[in-house]
Amino acid sequence: MTKNDTYLEMLMQQALEGDKRAYAELLRETAHFLKPFLKQKLSAENEVDDLLQDILLSIHKVRHTYDGLRPYKPWAYAIARYRLLDYLRNHYADNLRSALDMSELENSLQNNVTEYRISYESISGEIHKLPEKQALIMQMMHQEGYTAREVAEKIGMTEAAVKVAAHRAYKTLRHQLE
């Protein structure tokens, strides 16, 4: 027990006997040692001040329960911890209530946003505008499912030439569809 602890207990005893000046000093001293404790737990300065006021009000309301035979600081810290837990419980409950319910969000989406919507059939009109060789390669690779090597064998081109023609077709289609 330090000198300060004895001083706080003396102030509390005087406050319980009706000394208003001692009570005001006790609350100032209490705020002085509780504020760093709250700053460690909360990030926003306004939250610290609001909670500190709440804790001092709680101490005021339950001051009659203070046992003069026990140290003052642990009693005040116990009240502060309970008020802090109440504050955090309410704070996070508010955040959970305002959070979106994912099932509601999924229901509000009309279609699967990750679905690949472009198919050969959906852009076949644009494919037919391509040069004849590129259109044939696109049809064989994307409608009929042939690989570049298989297309090359069927139309008498090298595999590299089929890939180059397909790349040029993709580039043209991308430009036309944008």
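1. A residue counts as buried when its relative accessible area is under 20%, as exposed when over 50%, and as partly exposed in between (1.4 Å probe, protein chains only). Of the 178 residues of the protein chain, 28% are buried. This is a predicted model, in which local features need pLDDT of at least 70 and side-chain atom pairs count only at pLDDT 80 or more, while totals for chains, interfaces and linings use all residues. Residues are numbered from 1 along each chain as its sequence is written, and side-chain values use heavy atoms, with hydrogens and water left out.

2. The protein chain has 9 helices and 0 strands. Here helices (H or I, at least four residues) and strands (E, at least two) are DSSP runs, numbered from the N terminus. Among contacts (heavy atoms within 4.5 Å) between residues at least 6 apart in sequence, 52% join residues at least 24 apart.

3. Helix 2 covers residues 20-41, and its end C-alpha atoms are 31 Å apart. The expected span is 1.5 Å times one less than the number of residues, so the 22 residues of helix 2 should span 32 Å, and the two values agree. At the start of helix 2, a side-chain oxygen of aspartate 19 comes to within 3.1 Å of the backbone nitrogen of arginine 21.

4. Helix 2 also bends, by about 30° at leucine 34. The bend is the angle between axes fitted to the seven residues ending at a residue and the seven starting there. The buried residues of helix 2 include Tyr23, Leu26, Phe33, Leu34 and Phe37.

5. The structure holds 6 aromatic pairs. Rings of Phe, Tyr and Trp (its six-membered ring) pair if their centres lie within 6.5 Å; planes under 30 degrees apart count as stacked, over 60 as edge-to-face and the rest as tilted. One of the pairs is phenylalanine 33 with tyrosine 77, tilted, at 5.3 Å centre to centre and 50° between the planes. This pair links distant parts of the chain, with phenylalanine 33 in helix 2 and tyrosine 77 in helix 4 (residues 72-98), 44 residues apart. Phenylalanine 33 is buried because its relative accessibility is 11%, whereas tyrosine 77, at 24%, is partly exposed.

6. Tyrosine 72 and tryptophan 75 form another tilted pair, 5.8 Å centre to centre with 45° between the planes. Both lie in helix 4, 3 residues apart, about one turn of the helix, and both are buried. Which residues form the one aromatic cluster? Phe33, Phe37, Tyr66, Tyr72, Trp75 and Tyr77 do.

Definitions and conventions
Polar contact = N/O pair within 3.5 Å; in protein donor to acceptor, adjacent residues only side chain to side chain.
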